[in-house]
Amino acid sequence: KDMKKFQLILLLSFLLFIYNGFSQSVVFPDDERERGYTSRPYLRYEAEPGKCQSNGTFLNSTYDQRELQSEASNQIAVNLTSRNSYVQWVNDSPADGLTIRFSLPDSSDGSGTQGTLALYVNGNFVQNITVNSYWAWQYILKNGSKYPDNTPNATTKFPRMRFDETHIKLNEKIPANATFRLVKVDNNDIPYTIDFVELEEVPAQVSYSSITDVNKAMYSTDQGSLYTFIGNNRGKTIYIPAGIYNTDKKIVIYAGDNTKIIGAGMWYTEIYFTASSDDKNTYGQRGIEAYGNNMVLQGVYLNTINNKRYYQNNDSYQVGKGLMGSFGSNSLIKDVWIEHFECGGWIENANSLTIQNCRFRNNYADGINLSYACKNSIVEQCSFRNNGDDDMASWSRADGLCENNTFRYCTAENNWRASSLGFFGGKQNKAYNCVIIDPMEAGFRVTCDFPGMPFSTDGYSVLHDISVYKGGVPSGTVGVSGDLWGNQQGALHLNSSNQYDLRNIFIYNINFYHSKNDAIFIGSGSKNISNVILKNIYINGTGRYGIFFYNTKGNATYCNIVYENIGAGSNYNAIPTNFTFVQNCEVDFQQPAIQDLKAFFSENRLQIVGVENTSLSIFNILGEKIYNTFFTSTQINVGLNPGIYLVRWDDFDYVQKVFIPSKI
């Protein structure tokens, strides 16, 4: 049924392609499975043969890390080398927000090079766009140094993060069905490499007058520095109008209960951190560090002059995250775009923090890490791309257990180090309905590599309904294959390594496509694996095995693993004698009792009783999702018209049909 449905989608997409005058935006099949950043407002246009028109040179797909396109989407991109070379597409719908993923060569000192692309719509010039490789190109020592820097040396180092992005709100909208073209303007022989573009319709600005909070304040540059103004207006709703605001200090908000920072929108309000990361006196002066309950950060773009992970490549000198601190309890971060920081966000000791519709891209380490003592927090409907460590992670560092945190409905692409999703210790953390595309190393991982609080024996950490495309990497020469040390990684990497046991992990409904090496790696160091469950795993296409066991110790169970197109011929290698891996379809994640999950009609409203910190969706009889929420208490009620509805508890894969009668 799923295959027939997928074929129908492809047919309809093709017919739409014809109807719209050969529009060329990309179809994401996982949208139909409600996996990934499904509410994304943009359409993707790939610079690939058959998906665009170009007189440039298409780079052939390869996983050889020495080649630039190994970091591109689908490992294909187009080079615009000569003056007036171009790439063009047909636009599906009106759009004035343009994002270009590109690569330009670095300079000899690591400060990058600049170029100009001209945008034409239906043959008419619209505007010039500057592209700059200043923030791209990180270099790793071939001798095993674990951190990259931005100083090139072709003899001793190899590069990663060769792509970056620029985004711009256009002077005028590109109409639906219009042909839009990017043309190289400069008269040189330097290749301007285009991976893809994204187009979206930019929402109207949020205005100061639309803010209903009477306790509000609006910032302007004649009121002094932004960080001082915010500090002096804690507890208020602080509005930052459209514009670029340079700040040479980190914005720190202590005792900031009820502080709300609202920009005009991520396409309008930019906070740019200007403090040098090459000066020991200023290297850490960037990002927003917040401590307070019921805080809000919304509608801003955060960027920085920084173009490296650490000052002097020393992890003791961290150059600053986009988001840091705790944000206290019940805070919200929404519609925020973060680029070029050490990490997009590193949050500690948050409770019930919600992060929604954000873009964590082109950072030098993690996208977002819910670390030390974070609990009950959610990251949802977010985009992660081109980050240099785990895109989404939860690390129970030191004595701070991370508990009941959730990553859901997110898309992670082109991660160039570590993985797109990682759990490192903790209790009952969750990740589901996510999509991982083109990671250079692991797709997602659950390991015991880092010191801290172990995986709890109380309940399971659960990962389900995740798609991974071209995850994992075979071992090899550093800079050619493997991770930064040349080691192998699975598209799913499970490793009990040496800090604590890997235990109580339930992984189900996972799809692996075209894994570069093994789809699943299960290994051990000095510690054991126990009570790990793999269920409903679909593996299609591998460079080697479906499952690879390495020095594995302990036990795990599986149910319904499907193998297709396995590169090694055998579905898995020999199971080590110290590891028990048996089929057991009776063992399952402990579901809540049916009587604890109820939906019933009362007083013309739908009364819903669930389990705290679970999510639910309501569908009408046509299968359309009409309501979605996340329980923070055990009961809510929803006003609906008379009819038949399906109520699904997403965390527990339980569906109930409810009939709401007409009023009498």
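This is a predicted model: local features need pLDDT of at least 70, side-chain atom pairs count only at pLDDT 80 or more; totals for chains, interfaces and linings use all residues.
Residues are numbered from 1 along each chain as its sequence is written, and side-chain values use heavy atoms, with hydrogens and water left out. The disulfide is formed by Cys559 and Cys585, whose sulfur atoms sit 2.0 Å apart. The torsion about their S-S bond is about 100 degrees, so the disulfide is right-handed. The pair ties together distant parts of the chain, 26 residues apart: Cys559 belongs to strand β42 (residues 554-564), and Cys585 to the loop between β43 (579-583) and β44 (598-602). Strands here are DSSP runs (E, at least two residues), as are helices (H or I, at least four), numbered from the N terminus.

How exposed are the two partners? Cys559 has 10% relative accessibility and counts as buried, whereas Cys585, at 39%, counts as partly exposed. Buried means under 20% relative accessible area, exposed over 50%, and partly exposed in between, with a 1.4 Å probe and protein chains only. Cys382 is in no disulfide, and the nearest cysteine sulfur, that of Cys358, is 4.7 Å away. Cys382 is buried too, with a relative accessible area of 0%. Cys434 is likewise in no disulfide; for Cys434 the nearest cysteine sulfur belongs to Cys410, 5.0 Å away. Cys434 is buried, again with a relative accessible area of 0%.

Next come the strands. Strand β39 (residues 520-523) points Ile520 and Ile522 one way and Phe521 and Gly523 the other way, and all are buried. In a regular strand the side chains alternate between the two faces of the sheet. β39 runs parallel to β37, joined by four bridges, and Leu494 has Ile522 of β39 as its bridge partner. Another four bridges join β39 to strand β41 (residues 547-550), also parallel, with Phe521 standing opposite Phe548 in β41. Two strands pair if DSSP finds at least two bridges between them.

Elsewhere, five strands make up an open sheet with antiparallel pairing, in the order β2-β5-β12-β7-β8. β2 (53-54) and β8 (124-132) are its edge strands, each pairing on one side only. Within this sheet, β5 (residues 86-90) and β12 (residues 179-184) pair over five bridges, and Tyr86 has Val183 in β12 as its bridge partner.

Most residues other than glycine have a negative phi. Asn84, in the loop between β4 (77-80) and β5, has a positive phi of about 75 degrees. Asn386, in the loop between β29 (383-385) and β30, has a positive phi of about 60 degrees. Asn386 is also buried, at 0% relative accessible area.

Finally, the second largest pocket holds about 1100 Å³ of space. On a 1 Å grid over the protein atoms alone, a pocket is an open set of points where a 1.4 Å probe fits, with protein on both sides within 12 Å along at least five of seven lines, and lining residues have an atom within 4 Å of a point. Grid points are joined across faces, edges and corners, and a volume is the space filled by probe spheres set on the points. Of its 44 lining residues, Tyr147, Asp389, Arg417, Arg445 and Phe450 lie nearest the centre. β22 (323-325), β30 (392-395) and β37 (492-495) are the elements that give two or more residues to this lining.

Conventions. A disulfide is a pair of cysteine sulfur atoms within 2.5 Å.
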